[in-house]
Amino acid sequence: MKSTFKVLFYVKKDKQKANGNYPIMCRITIDGEQARFNTKAEVKEKNWDSKTGRAFGRSADITKTNYVLDDIRACLHDIYHNMQRQEQVTAEKLKSEFLGHSEKHETLLNLFQKHNDDVKLLVGISKSRATYLKYEVTRKHLSNFIKSKYNMTDIALRSINNMFITDFETYLMTTGKCCHNTTVKFIQFFKRIIIIARNNGLIQHDPFANYKCKLEKVDRGYLTQEEIEIIMSKHFSIKRLEQVRDIFIFSCFTGLSYIDVKNLRVRHIRTSFDGNLWIMTKRQKTNVCSNIPLLDVPKQILKKYEGTLPNEMILPISSNQKMNAYLKEIADVCGIDKNLTFHLARHTFATTVTLAKGVPIETVSKMLGHTNLKTTQIYARITDNKISNDMAVLAEKLKGIETKLVINQ
C-alpha cells in the first residue's frame, strides 16, 4: 500500500520572541503519524500565510525565509524517497535523519576537522601552512557561531541551509568584526566543506544554491617613486625603525612578501647565468619558484647586514605584527598619509618599481611567483607618471606633423 507523506509549515503562536517574531515549525506526516521540529526560521504574524504555509511580502528577509522553507521541504522529500528504498519510513525516523540524530549521520565540525587534518599532512607538499591556518580559523569561527546561535557543540550537515549561511555571514561581520572581503573568504572555505559533503553523498541538497556573496574590488595601495625616496633618505635615530625601513625597502625592490623575506637565507642569494646576484627561492604560499635579479638598492641593504645575523639569516626581521606597527611610525615620521603595511611593499614593487617603468607584465608575474597572469593584472595600474611619459614619447614621434595641419585664421 502506498504511504501518504506531507510536509507542513506553521507558526507557533505561543512562543513569541523578544523581536516580535514567531518561530516557524515543520510538521511531517507519514500515514497519519506526525513529527515536528523547529526550522530555526522566524516571521512576524502579519507576514505569515497559514493557507500556503509561506511568508508573504517583498523584503529580503521574507525572500530568505521562503528559500529556507523550500530548501527544508526539498531535503525532506529527498531523504524520504532515499529511505523508502531501504526501510519502512516513519515520521520520527525521517525527522531524526534530517536533524542528524541518526547514528550514521555526519556533523559539520567533525567533517571540517577531518578535512583540516588531511590538509595539515599536505603542508609542504601540495598545501601551504597559510592555507591550513585559514581552514583552522574558519572552523573556529563556525564552532563559536554554532555555540552562540544554537547552544550546541556541533550541528548535523543535513541541518545546514540558506539561513544558516546568511546567519553565519552576519556573525562574522558583527561578532567576528570581519570586513566584507574577509567574510567572503571564510564563507568560501566553509563552502568547500559543503562541496566535499555533497560529493561524498553525506547531504543531498545544496544549501549554497540560492546564496550569493561576491568579493568587492579593492584598490590595492602602493607607494609612488617620491614616497619611496622620502623613506629611503630619512635618517632614523631609533635603530629598530631603521631596520624595519631597510627591510621594507628591500621588499619594495624585490617584491617578496613578509614570510618569504623571513625565510630568506644566505643560500638563496646566488650568482646566476648572467654573472649577477639573484634571489632564488620558492614562495611559501604557493610553493612556486620566485627568481629575482638583485638591483643595487637591495644589494646595499644585504651588504649592510652581511655577517651580523645567526642561522644564515640575511635580514633582522621581526614578527609581521611588529613590522606593521613600526611601519605606522615610519609613515608618521615621513609624513606619508597612507596605511603603510609590509604587503604594501609587494604592491609597490609591482606597480611603481617595475610595471610603471616598462617592465613587461609577464616578467613581473614570474618574479612575483604568481601562478596566473590574471593575479598580476591586479597590480597593473596605469599611473599618472606612466601616462605622462608615454604621451611624451608619442609627442616626440609626432613632431612635424602639426606643421601639416591647415588652420584658418
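**Close-up 1. Buried residues along helix α1 of the predicted model**. In α1, the buried positions are Ile62, Thr65, Asn66, Val68, Leu69, Asp71, Ile72, Cys75, Leu76, Ile79, Tyr80 and Met83, as seen here in a model that is predicted. The helix itself covers residues 60-84, a run of 25 residues, and reaches 36 Å from its first C-alpha to its last, which is close to the 36 Å expected at 1.5 Å a residue.

**Close-up 2. Packing of helix α4 with helix α6**. Helix α4 (residues 129-150) and helix α6 (residues 180-199) pack with their axes 9 Å apart and at an angle of about 90 degrees, which makes α4 roughly perpendicular to α6. On the α4 side the contact is made by Lys134, Tyr135, Val137, Thr138, His141 and Leu142, and on the α6 side by Phe186, Phe189, Phe190 and Arg192. Sorted by class, these contact residues comprise six nonpolar, two polar and two charged.

**Close-up 3. Surroundings of Ser159**. Ser159 lies in the loop between α4 and α5 (162-173), and Ser159 counts as buried because its relative accessible area is 18%, where buried means under 20%. When its neighbours within four places in sequence are left aside, Ser159 is in contact with Phe98 and Leu99.

**Close-up 4. Packing of helix α12 with helix α13**. Helix α12 (residues 342-354) and helix α13 (residues 361-368) pack at an angle of about 155 degrees, their axes being 11 Å apart, and the two helices are therefore roughly antiparallel to each other. The crossing of α12 past α13 is right-handed. Arg346, Phe349, Ala350 and Thr354 of α12 make the contact with Val364, Met367 and Leu368 of α13, and by class this contact has five nonpolar, one polar and one charged residues.

Key
Residues are numbered from 1 along each chain as its sequence is written. This is a predicted model: local features need pLDDT of at least 70, side-chain atom pairs count only at pLDDT 80 or more; totals for chains, interfaces and linings use all residues. Side-chain values use heavy atoms; hydrogens and water are left out. Axes are lines fitted to C-alpha atoms, for helices over the stretch in contact, and angles run from 0 to 180 degrees between N-to-C directions. Helices (H or I, at least four residues) and strands (E, at least two) are DSSP runs, numbered from the N terminus. Angles under 35 degrees count as roughly parallel, over 145 as roughly antiparallel, 65 to 115 as roughly perpendicular and the rest as oblique. Contact means heavy atoms within 4.5 Å. Ala, Val, Leu, Ile, Met, Phe, Trp, Tyr, Cys and Pro count as nonpolar, Asp, Glu, Lys and Arg as charged, and the others, Gly among them, as polar. Buried means under 20% relative accessible area, exposed over 50%, partly exposed in between (1.4 Å probe, protein chains only). The expected span of a helix is 1.5 Å times one less than its number of residues. A crossing is left-handed if the near helix is turned anticlockwise from the far one by less than a right angle, and right-handed if clockwise.
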